[in-house]
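Let's take a walk through this protein together, starting with its overall layout and then following its strands from neighbour to neighbour. Keep the model open beside you as you read.

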Amino acid sequence: MSKIRRRFVLGFLILFLFISLSIGGIKGEGGKDMSEKLILSSVFGDGKKIPARYTCDGLNISPPLRIEGVDPKAKGMAIVMDDPDAPMGVFDHWVIWNIDPKMSKIEEGVPNEEDVLGNAVQGANTAGMIGYMGPCPPSGTHTYRFKLYALDATIDLKSGSTKKMLEKAMEGHIIQEALLRGLYR
């Protein structure tokens with residue numbers, strides 16, 4: 001085999017290996033797979049407009065969410081919805097944890113109460129209220145991030161705890177995470 005042909009074959013093998021590793025999945029912090037879509041909504045797609053019904057211009061209720069592919073080792077799940085485009089910094093719209101990992105659907109309109117969905121607990125949003133607070137941007141189009149965390153433990157926090165407190169409690173317990181983005185103007 002000629003030198004040129006060997007280099008070509010070697011280059012092809014390296015390229016094949018690189019593409020194979022890239023397709024294998026995107027690993028997040030701690031090697032968690034970030035490529036799978038664990039959280040979806042039947043009323044808006046990732047990066048698409050959130051219907052007014054789920055905002056301050058409508059009924060201001062939480063949208064329906066579908067959860068798929070949760071690791072069987074998960075003991076609980078948490079969802080954080082926030083707006084990184086808020087003028088005063090990230091605004092937290094919804095903080096909820098200890099969602100049953102076997103739950104595949106969260107219906108719209110989760111009540112703004114401390115304890116919901118069986119054993120789930122809701123925290124305080126940036127406005128200091130318990131439960132969901134829909135998008136209500138002062139101007140322009142904002143991106144709202146619904147972040148789902150599958151955890152290897154349940155979280156021992158009182159209702160009304162903040163996103164920061166939840167994130168601290170989840171440290172070292174996140175086995176999967178996923179992101180669903182919605183837009184609203």
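Helices here are DSSP runs of type H or I with at least four residues, strands are DSSP runs of type E with at least two, and both are numbered from the N terminus. By that count, the protein has two helices and 10 strands. Their order along the sequence is α-β-β-β-β-β-β-β-β-β-α-β.

Before going further, a word on what you are looking at. This is a predicted model, in which local features need pLDDT of at least 70 and side-chain atom pairs count only at pLDDT 80 or more, while totals for chains, interfaces and linings use all residues. Residues are numbered from 1 along each chain as its sequence is written, and side-chain values use heavy atoms, with hydrogens and water left out.

Now for the protein as a whole. Of its 185 residues, 37% are buried, meaning under 20% relative accessible area, with a 1.4 Å probe and protein chains only. Among contacts (heavy atoms within 4.5 Å) with a separation of 6 or more, 69% link residues 24 or more positions apart. The accessible surface, computed by the Shrake-Rupley method with a 1.4 Å probe, comes to about 10500 Å², and carbon and sulfur atoms hold 57% of that area.

Met-77 counts as buried because its relative accessibility is 0%. Ile-174 is 97 residues away from Met-77 in sequence, yet their C-alpha atoms are 9.0 Å apart in space.

One partner is E5, which runs antiparallel to E4 and is joined to it by six bridges. Here Asp-83 faces Phe-91 of E5. Strand E5 (residues 91-99) has eight of its nine residues buried, so the rest of the structure largely encloses it. E5 in turn pairs with strand E8 (residues 120-122), antiparallel and over two bridges, and Ile-96 has Gln-122 in E8 as its bridge partner.

Back at E4, the other partner is E9, again antiparallel, with seven bridges between them. Val-80 stands opposite Lys-147 of E9. Strand E9 (residues 142-151) is also largely enclosed by the rest of the structure, because eight of its 10 residues are buried. Beyond E9 comes strand E10 (residues 174-184), an antiparallel pairing over 10 bridges, in which Ala-150 sits opposite Gln-176 of E10.

Methods: Buried < 20%, exposed > 50% of the residue type's maximum accessible area, 1.4 Å probe, protein only. Pairing = 2+ DSSP bridges.
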